[in-house]
Amino acid sequence: MKILADAHIPYLKGAIEHFGEVEYLPGNQFTKETVKDKDVLIVRTVTRFDEEILAGSSVKLICSATIGYDHIDTHYCDTHGIAWRTAPGCNAGSVEQYVTASLLLLAEKKGFDLKEKTIGIVGVGNVGSKVEAACKKLGMKVLLNDPPREEREGNADNMFVDLETIKHEADIITLHTPLTKTGKYKTWHLADERFFNELNKKPVLINSCRGSVTDTRAWKKAIEEGLVSGSVIDCWENEPDIDTELLEMVDIATPHVAGYSADGKWTATKMTLQNLCDFFHLDIDPVQLMPPIPAPDDPVIDLKNIDPHRQTTHAVLHTYNPLKETEALKKSPEKFYYFRSHYPLRREYKAYTVINADPVPANVLQQLGFHVEFLKND
Ligand SMILES: NC(=O)c1ccc[n+]([C@@H]2O[C@H](COP(=O)([O-])OP(=O)(O)OC[C@H]3O[C@@H](n4cnc5c(N)ncnc54)[C@H](O)[C@@H]3O)[C@@H](O)[C@H]2O)c1
Ligand SMILES: O=C(O)[C@H](O)[C@H](O)COP(=O)(O)O
C-alpha cells in the first residue's frame, strides 16, 4: 500500500510504516503529482482535498488526523469512491484548555470576576460540551446554543437558547461550530455585521473553531465601534495569510493551535491509525506502535506563595499561556505556518500535580482535571 503522510503529524513516524510504503511531505506541498499514485493520504487541515488534487488519482482513503473536515470536499469523495475518515473529539480537551486559559487571562487583564459573567456557547458538540463543563466549574452562568442538536434532541428543561438570547445576555461568546457553507444551519459568517450590531453587552468574542465562521471585516468594524470588549482568535479567515489589521486589534491571537496539546495530537494519530486498521480490516493495536506521550518539564505546580484568588489562574496558565504565542504572532504574522509546524506541544491538566492549594481552588483544579495533593486539614 502506498501512503502519503503529512510530515507534521506527531507520533506517526515509526508507526505508519507498519501499514505500507510511506512518503512524507509538509501539507502545503501536497500536489496532484505527489498524490496521484497513492492509496492512502494521511492529512491535516492545511491541504484542500477536492477534484483539483484528487482527480485521476488512485487514492482510496483519506484519513485526517483532525476534528474538522471542511478541508475535504466530502461530496466529491463520496461520489468518486474515495473514503474519508476523521478523528472526532481528538483534541477537544486541548481547545477547552485554550478557552479556559483565555478566560482566566482576560478576567485578570480586564479586572472582572468570571463568577459574575454569563458565557454563550455556540455549538455544543465535543468541544462546546467540554467548554460548558469547565465554565460551570469556574462558577460561570452558561447559555447553550445548538439548533441542530435542539432539533434532534428537543429542548428539555430549556437546555438550549436561541442565538438572539446569546446576543442579548452573554458577556462572553465562544464559537464551537463546524464551518458549513450550505444547509439550514450553515455557519459561514455566522458572526457577520448584523450579529455584531445586535450584541447587547459588548461581549468578549472567542473564535477557536474555524476562521470563516466570523466575518473579518465585520469583526474589525465591531472592535472600532466598541461593540465588543475583547477578542480572542485562534482560527482566522484565509490562513496562513491572515488579516494583520485584525491581528493587531485583538487581545489573544494564536496561529490555530488551540488543539495542539500533545494529548490531542497523540489521540489524533491513534484514531487515524485505528481508522486505517478498520478500513483495511487489520488486526493491529495502534497504541502498541506509538511512543507514550512525553511528561511535561515542570509537572508539579506549587501554589504555596500564590494568593488563593490567583491559584486557579496560576495553575491553568502554568500549563498553557496563550499570551506568549500572541506576542510571537503579532511580531511575525508571516510565520503563521511555521509556528504551527514547529509547535512545542503542551500537556493538558492531567499531566500536572498541584500542591499547597487552598481548599476552594484545590477543588476547582481537581474538577478541571489536575491531580491535586490536598493539604492534611482539607
Ligand atoms: N482551533 C483548533 O485547534 C480546533 C481544534 C478542534 C476543533 N476545532 C473546530 O471546532 C469546531 C467544533 O469541534 P467539535 O469537535 O466540537 O465538533 P462537533 O461536531 O462535535 O460539534 C459541533 C457542534 O456544532 C453544532 N452546530 C452546527 N451548526 C450550528 C449552528 N449553525 N449553530 C450552532 N451550533 C451548530 C453541531 O450540532 C454540533 O453539536 C469545529 O469547527 C472544529 O473544526 C478547532
Ligand atoms: O480540526 C482540528 O482538529 C483542529 O483544527 C486541529 O488543531 C487542526 O490541526 P492541523 O491539522 O491544522 O494541524
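Predicted model: local features only at pLDDT ≥ 70, side-chain atom pairs only at ≥ 80, totals over all residues.
1. An oxygen atom of ligand 1 sits 2.7 Å from a polar backbone atom of T177. The backbone of S208 also takes part: one of its polar atoms is 3.0 Å from a nitrogen atom of the ligand. D234 uses its side chain instead, with a polar atom 2.8 Å from a ligand nitrogen.

2. How much of ligand 1 does the protein bury? Taken alone, the ligand exposes 860 Å². The protein buries 88% of that.

3. The shell around ligand 1 draws two or more residues from each of α5 and α6 (147–153). α6 gives the most, with three residues. There are 28 residues around the ligand, and N91, V127, D146, T177 and D234 come nearest. By class, the shell has 12 nonpolar, 12 polar and four charged residues.

4. The largest nonpolar core has 50 residues. L103, V354, L365 and F370 have the most contacts inside it. Elements supplying at least two residues each include α4 (92–110), β6 (118–122), α5 (126–137) and α16 (359–368). α4 gives the most to this core, with 10 residues.

5. What does L103 touch, leaving aside its neighbours within four places in sequence? Its contacts are L114, I119, C135, M140, I172 and I206.

6. Another core, of 32 residues, lies apart from the largest one. Among its residues are I173, L179, I223 and F336. As background, nonpolar side chains tend to be buried together in soluble globular proteins.

Definitions and conventions. Residues numbered from 1 in each chain as written. Chains lettered and ligands numbered in written order. Heavy atoms only, no water. Core = buried A, V, L, I, M, F, W, Y, C linked by side-chain atoms within 4.5 Å. Buried < 20%, exposed > 50% of the residue type's maximum accessible area, 1.4 Å probe, protein only. Helix = DSSP H or I, 4+ residues; strand = E, 2+ residues; numbered from the N terminus. Contact = heavy atoms within 4.5 Å. Near = heavy atom within 4 Å. Polar contact = N/O pair within 3.5 Å; in protein donor to acceptor, adjacent residues only side chain to side chain. Areas by Shrake-Rupley, 256 points an atom, 1.4 Å probe, with all protein chains shown as cover. Nonpolar A, V, L, I, M, F, W, Y, C, P; charged D, E, K, R; others polar.
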